[in-house]
Amino acid sequence: MKYVLSLLVFELFAITAVIASIYWIQKYCNGFKWEDKSHETFNYHPVFMILGFVFLMGHSVITFRILPLRHRAKKYIHAAINLLAFVFVVVGIMAVFKFHNDLNIPNMYSLHSWLGMTTVIIFSLQLLGGVSIFQDLFKGAKDEIRATYKPLHVAAGTAMTLFVVASVCTGLQEKMGFKDKSPTFKYSSMPPEGLLVNTLGLVVMLWGATVIWILVAVEKRTPVDHYEEIESEQAEEQVVN
Ligand code: HEM
């Protein structure tokens, strides 16, 4: 019951964030266009970052708690979702850099860009560390190295949730600030677009709280018909991971 409930709450926030971001871009920001000097190229940025981090990375982070599968299977699912998330993150970052470079807008000046870039770098390091140390890319990574790295990987993964919330919320706020400079948009008069974007930020913050709750309060799920196998796997896991 605990697993189903926590997964439902997680899905509610993750799916709402994706739908709200796509709806926002389609309804209020002229949709998506990957073209030179086009303002709509930027629009891939918020949606792809939310798809990559909130939806995909979120699912990968909770894999070990929620799925009733054996540890090894979860390990591959965790890695595969993270690799897919990385593709979305790279395209999302390329979109904003292309938009800035095409229109001669300076890069990396804002607090959001600093928080965002730190989030992307830590995510990339997590991916590199996870694939190389846990997925046996470098055959025979020593047990002591795995044992030392594992708590760091788990702690950094949990902290990533916090970084993602901070990056998304500062990004949304910054975009609202830019829109506020146009004579047709007044944020302080609470237009529907402003309410939608505020709600999106709130949903992402609640998503973050749900992920942390799952990581802290939900035990790892084990398949009922695999107890013996699990016990021996866990013993093996304690030695190698
Ligand atoms: C975890 C999610 C996100 C990450 C990691 C992230 C990362 C970044 C990075 C690294 C930049 C700098 C690009 C450059 O300087 O050329 C940037 C720019 C920007 N991002 Fe995000 N972003 C995220 C989500 C969002 C969201 C949801 C929005 C909402 C619209 C947004 C809005 C912006 C804006 C307006 C800029 C251009 C201005 C600036 O450089 O600060 N970002 N983002």
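Helix 4 (residues 111-134) packs against helix 5 (residues 143-179) at an angle of about 155°, with the axes 8 Å apart. Axes are lines fitted to C-alpha atoms over the stretch in contact, and angles run from 0 to 180 degrees between N-to-C directions. This is a predicted model: local features need pLDDT of at least 70, side-chain atom pairs count only at pLDDT 80 or more, and totals for chains, interfaces and linings use all residues. Residues are numbered from 1 along each chain as its sequence is written.

**Helix 4 and helix 5**
- The two helices are therefore roughly antiparallel to each other (angle over 145 degrees).
- The crossing of helix 4 and helix 5 is left-handed; that is, the near helix is turned anticlockwise from the far one by less than a right angle.
- By class, their contact has 13 nonpolar, 12 polar and two charged residues. Asp, Glu, Lys and Arg count as charged, Ala, Val, Leu, Ile, Met, Phe, Trp, Tyr, Cys and Pro as nonpolar, and the others, Gly among them, as polar.

**Helix 3**
- Helix 3 (residues 71-102) has 32 residues. Helices are DSSP runs (H or I, at least four residues), numbered from the N terminus.
- Buried residues of helix 3 include His78, Phe88, Gly92 and Phe99 (20 or more other C-beta atoms within 10 Å, placed from the backbone).
- The buried residues of helix 3 pack against helix 2 (44-66) and helix 4.
- Just after helix 3, asparagine 104 takes a positive phi of about 55°.

**Methionine 94**
- Methionine 94 is found in helix 3.
- Methionine 94 has 15 other C-beta atoms within 10 Å, so it is partly exposed (between the buried cut-off and the exposed one of 12 or fewer).
- Its C-alpha lies 9.5 Å from that of threonine 41, 53 residues apart along the chain.

How values were computed
Parallel < 35°, antiparallel > 145°, perpendicular 65-115°, else oblique. Expected span 1.5 Å × (residues − 1). Contact = placed C-beta atoms within 7 Å.
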